[in-house]
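Here is a short tour to read alongside the model on your screen. Please keep the viewer open as you go.

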Amino acid sequence: SKWVTGESARMHVHDVRHAVDAIMVGIGTVKQDDPSLTTRLENRRGRDPKRIILDTRLSISPDARLFHQSSDAATIIVTGDIPEGAGHKKRRAAVEKTGASVVPVPLKNKKIDLTALMVKLGGMGITSLLIEGGAQVIASSFAAGIVNKSMFFYAPKLLGGSDGVPICSGKGAGLMKDCIMLQGVRMERFGEDFLIEGYVKRD
């Protein structure tokens, strides 16, 4: 199935997209969902955020939907700062031919250093970033300490199986006292769905 939350909740997400400078997802989300990463609002024109894709090995296809939008927003492919072989140069040329930018960033534990990326994005004038996923990107963002505000939608639907997809992937807290805590929490209802949002509590 395609949707978990209802239409009003999804429209709120597009309101958030309209308000931020950029939206970020990982290459896994691009390959699995082939998203547009644009803003779609009812009865008014939305402002598209810049599209940022984390793609360590530059494996994205030039045919991905996000490269072929009628949008003025820039597309930025963030790769690892690694030596460019012949294959990498060819892939980079194909991506840049679509009009997108390829931005190398240092690696940390074989993944893109998100702290270094935030510094680079700030230098590009990007001061608000919506991190939409997937699970590895969300987990890595929390681990890197770059998340300021968390927004979770809960839909009244129970899958009831042991094969559910986690919100975050990777190693989590071993004890409840080590969990990421939120403060200033508020709840809002959108149709049958609930949004719970709050700010990450810093030590």
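## Two asparagines in loops

Where is N109 found? N109 sits in the loop between strand 5 (107–108) and strand 6 (111–112), with helices (H or I, at least four residues) and strands (E, at least two) taken as DSSP runs numbered from the N terminus. This is a predicted model, in which local features need pLDDT of at least 70, side-chain atom pairs count only at pLDDT 80 or more, and totals for chains, interfaces and linings use all residues. Residues are numbered from 1 along each chain as its sequence is written, and side-chain values use heavy atoms, with hydrogens and water left out.

Most residues other than glycine have a negative phi, and most peptide bonds are trans. N109 has a positive phi of about 55° although it is not a glycine. N43 also is not a glycine, and has a positive phi of about 65°; its place is the loop between helix 2 (27–33) and strand 2 (50–54). N109 is exposed at 71% relative accessibility, and N43 is exposed at 83% relative accessible area. Here buried means under 20% relative accessible area, exposed over 50%, and partly exposed in between (1.4 Å probe, protein chains only).

## A cis peptide bond

From G133 to G134 the peptide bond is cis, with omega near 5°. G134 belongs to the loop between strand 7 (129–133) and helix 5 (135–144).

## R17 and its surroundings

R17 lies in helix 1 (residues 7–19) and is buried, with a relative accessible area of 8%. A polar atom of its side chain lies 2.6 Å from the backbone oxygen of T38. Leaving aside neighbours within four places in sequence, R17 is in contact (heavy atoms within 4.5 Å) with residues including L37, T39, P49 and L130.

What does R17 meet in a salt bridge? The partner is the side chain of E132, at 3.0 Å, N to O. Because E132 lies in strand 7 and R17 in helix 1, the pair ties together parts that are 115 residues apart in sequence. E132 itself is partly exposed, at 31% relative accessibility.

## Other salt bridges

A salt bridge is a side-chain nitrogen of Lys or Arg within 4 Å of a carboxyl oxygen of Asp or Glu. The whole structure has eight salt bridges. One of them joins the side chains of R44 and D15 (2.7 Å, N to O). With R44 in the loop between helix 2 and strand 2 and D15 in helix 1, this pair ties together parts that are 29 residues apart in sequence.

R186 and E197 form a salt bridge too (2.5 Å, N to O). R186 is in strand 9 and E197 in strand 10 (residues 193–200), eleven residues apart. R186 is partly exposed, with a relative accessible area of 40%, whereas E197 is buried at 6% relative accessibility. K149, R186, E188 and E197 are linked in a network of salt bridges.

Which residues are buried in helix 4 (residues 114–123)? They are L114, L117 and L121. These three cover an arc of only 50° around the axis, so they are on the same side of helix 4; the arc is that of the directions from the helix axis to the C-beta atoms. The face turned away from the buried side carries the exposed residues V119 and G123.

Just after helix 4, G125 takes a positive phi of about 85°.

Definitions and conventions. A polar contact is a pair of N or O atoms within 3.5 Å; within protein, one must be able to donate a hydrogen and the other to accept it, and residues adjacent in sequence count only if both atoms are side-chain atoms.
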